[in-house]
Amino acid sequence: MQQEQRINALLSTLFRFTEKLVLTGVGALALMGILQLVWSIAAHREVRLEDLLLMFIYIEIMAMTHVYFVRHAVPFTYPMFIAVTALSRLIVLQGKNIAPENLLYEGGAILLVSIAILIVRYSQRYSIDAATEPPHHDPPEQR
């Protein structure tokens with residue numbers, strides 16, 4: 001049994017290290033994407049809405065990796081925020097020449113993901129774990 005525990009500990013360490021390495025790579029690649037986008041904006045001397053939305057996607061990816069390193073878990077809502085931003089960017093990129101039903105489908109997808117975010121946030125607020133923790137009270141304001 002001692003041998004099995006050592007193997008489990010070794011594999012756990014290996015996977016934890018690999019996870020951190022990959023997440024560091026994701027954060028670094030998101031930073032590279034931001035730098036490339038800024039370089040492209042400077043070269044074209046024009047800031048477009050789709051560029052700003054893409055930058056928000058990169059920032060949200062970096063925030064998601066940061067939160068993982070701080071909390072050792074990623075809240076489920078972060079990828080959902082990225083999905084809303086990506087769908088918004090898709091609508092902007094398609095322009096005025098798209099079929100109206102596609103715009104309705106994409107807008108409906110944004111609405112569904114937004115509702116899902118609200119449901120997840122609401123359920124996290126009233127989950128069993130949240131009920132067992134003491135409420136956080138901010139100190140009274142100094143007057």
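Analyst: Let us begin with Tyr122, which counts as exposed because its relative accessibility is 55%, and exposed is the word for values over 50%. Please keep in mind that this is a predicted model.

User: What makes Tyr126 exposed?

Analyst: The relative accessible area of Tyr126 is 56%, and since the label applies over 50%, Tyr126 is exposed.

User: How many aromatic pairs does the structure hold?

Analyst: The structure holds two aromatic pairs. In one of them, the rings of Tyr68 and Phe69 have centres 6.0 Å apart, with planes at 70°; because centres within 6.5 Å make a pair and planes over 60 degrees apart count as edge-to-face, this pair is edge-to-face.

User: Are Tyr68 and Phe69 buried or partly exposed?

Analyst: Tyr68 has a relative accessible area of 11%, and because buried means under 20%, Tyr68 is buried. Phe69 has 33%, which falls between the cut-offs of 20% and 50%, so Phe69 is partly exposed.

User: Why does Leu11 count as partly exposed?

Analyst: Leu11, which is found in helix α1 (residues 2-44), has a relative accessibility of 37%, and because this lies between 20% and 50%, Leu11 counts as partly exposed. Together with Ile7, Leu14 and Phe15, Leu11 makes a nonpolar surface patch of about 380 Å².

Key
Residues are numbered from 1 along each chain as its sequence is written. This is a predicted model: local features need pLDDT of at least 70, side-chain atom pairs count only at pLDDT 80 or more; totals for chains, interfaces and linings use all residues. Side-chain values use heavy atoms; hydrogens and water are left out. Patches are made of residues with over 30% relative accessible area and no salt bridge: like charges are joined within 9 Å, nonpolar side chains (Val, Leu, Ile, Met, Phe, Trp, Tyr) within 5 Å. Accessible areas come from the Shrake-Rupley method with a 1.4 Å probe; for residues, only the protein chains shown count as cover. A salt bridge is a side-chain nitrogen of Lys or Arg within 4 Å of a carboxyl oxygen of Asp or Glu. Helices (H or I, at least four residues) and strands (E, at least two) are DSSP runs, numbered from the N terminus. Buried means under 20% relative accessible area, exposed over 50%, partly exposed in between (1.4 Å probe, protein chains only). Rings of Phe, Tyr and Trp (its six-membered ring) pair if their centres lie within 6.5 Å; planes under 30 degrees apart count as stacked, over 60 as edge-to-face and the rest as tilted.
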